[in-house]
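The sequence and the model come first, followed by notes grouped by topic.

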Amino acid sequence: EIWSRYTKRRMSLTPFLIVFSDGKRALLPFSCLTKEGVMPILMGTRRLYVSSPECTYGGWISADKLDCSHALLLLNLVKRKFDNLFWRMNPYDNITLESGVRISDEGETHAINLEKGFDVIASNMSRDHRRGVKKAIQNGVSVRIASSIKDWLDYYQVYEITVNRWGNRLLGEKYSWCLFHDIFRRNSPNVELWLAIYQDKVISEIGRAHV
């Protein structure tokens, strides 16, 4: 809904609920892009389905425990019904990865396991990164969750400065404030914006969102 609104409905919601003969269910949370909303690399395609917006990884969603037989049925359905589908694979979905789906372009995802705590993570950092963290703590940099519209506005100002500094090296588009405001106003428990604070000012962000 957020991306459909932001793209002025060039991206429309087209989810499909699949019910298997054993009663298990899976949701295909697809969206559809019309030609004017299609990313430049796929121009010429009249209609494009995406499994998740903005090239993020996605795939089917299910509260039931699916196995490879379910995955194969879903893959066959996707192949028959969606000849123009952009699907970035979910690296945490072993069932899909083991089902033999053909991957046309290799990518990479960087992830850090936070379960063992910061000290363990810091022990594996480079010396320069450890020094940077120590210096930030010594100088009073703190981290907290954004809680007000002012927090989000302060973050957006930092975002604009960062984007402008990248200039032509920026990969992707610069997002307008209306996108961030729409995310904020929904007040969703699944969205958190973590801010780095120095002398009561926002200096950076660490975003976490499950949308």
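The model is predicted. Its protein chain contains seven helices and nine strands, and 28% of the 211 residues count as buried.

**Overall dimensions and surface**

- The C-alpha trace of the protein chain spans about 60 × 40 × 35 Å along its principal axes.
- The chain exposes about 15200 Å², and carbon and sulfur atoms supply 53% of that area.
- Taking contacts between residues at least 6 apart in sequence, 54% join residues at least 24 apart.

**Nonpolar cores**

- In soluble globular proteins, nonpolar side chains tend to be buried together.
- The largest nonpolar core here has 18 residues. Those with the most contacts inside it are Ile-18, Phe-20, Leu-28, Trp-60, Leu-66, Leu-74 and Phe-82.
- Strand E3 (25-28) and helix H2 (68-81) are the elements that give two or more residues to this core. Helix H2 supplies the largest share, five residues.
- Which residues does Leu-74 contact, once neighbours within four places in sequence are left aside? They are Ile-18, Phe-20, Ala-26, Leu-28, Trp-60 and Leu-66.
- Another core, of 17 residues, lies apart from the largest one. Its members include Tyr-6, Tyr-156, Val-163 and Leu-193.

**Aromatic rings**

- The count of aromatic pairs comes to 15.
- One aromatic cluster is formed by Tyr-155, Tyr-156, Tyr-159, Trp-177 and Phe-180.

- His-70 is in helix H2. Its relative accessible area is 5%, so His-70 is buried.
- Not counting residues up to four places away in sequence, His-70 touches Phe-20, Asp-22 and Lys-24. Phe-20 is also in the largest nonpolar core.
- Thr-14 sits in the loop between strand E1 (11-13) and strand E2 (16-19). Is Thr-14 buried or exposed? With a relative accessibility of 17%, under the 20% limit, Thr-14 counts as buried.
- Beyond residues up to four places away in sequence, Thr-14 touches Leu-28, Phe-30, Ser-31, Cys-32 and Tyr-49. Of these, Leu-28 belongs to the largest core.

**Helix H5 and what follows**

- Helix H5 (residues 127-138) has twelve residues. From its first C-alpha to its last it reaches 16 Å, close to the 16 Å expected at 1.5 Å a residue.
- The number of buried residues among the twelve of H5 is zero, so this helix lies largely in the open.
- Gly-140 follows H5 and has a positive phi, near 85°.

- Most residues other than glycine have a negative phi, and most peptide bonds are trans.
- Arg-9 has a positive phi of about 70° although it is not a glycine. Arg-9 lies in the loop between helix H1 (2-6) and strand E1, and with a relative accessible area of 54% this residue is exposed.
- Cys-55 is not a glycine either, and its phi is positive at about 65°. The place of Cys-55 is in the loop between strand E5 (47-50) and helix H2.

**Cysteines**

- How many disulfides does a search of the whole structure find? The search finds zero.
- A disulfide would need the two sulfur atoms within 2.5 Å.
- Cys-55 is partly exposed, with a relative accessible area of 33%. Cys-68 is also partly exposed, at 31%.

**An exposed proline**

- Pro-189 is in the loop between helix H7 (177-185) and strand E8 (191-198).
- The relative accessibility of Pro-189 is 73%, so this residue counts as exposed.
- Pro-189 and Ser-104 are 85 residues apart along the chain, and their C-alpha atoms are separated by 35 Å.

Definitions and conventions:
Residues numbered from 1 in each chain as written. Predicted model: local features only at pLDDT ≥ 70, side-chain atom pairs only at ≥ 80, totals over all residues. Heavy atoms only, no water. Helix = DSSP H or I, 4+ residues; strand = E, 2+ residues; numbered from the N terminus. Expected span 1.5 Å × (residues − 1). Buried < 20%, exposed > 50% of the residue type's maximum accessible area, 1.4 Å probe, protein only. Core = buried A, V, L, I, M, F, W, Y, C linked by side-chain atoms within 4.5 Å. Contact = heavy atoms within 4.5 Å. Phe/Tyr/Trp six-rings, centres within 6.5 Å; stacked < 30°, edge-to-face > 60°. Areas by Shrake-Rupley, 256 points an atom, 1.4 Å probe, with all protein chains shown as cover.
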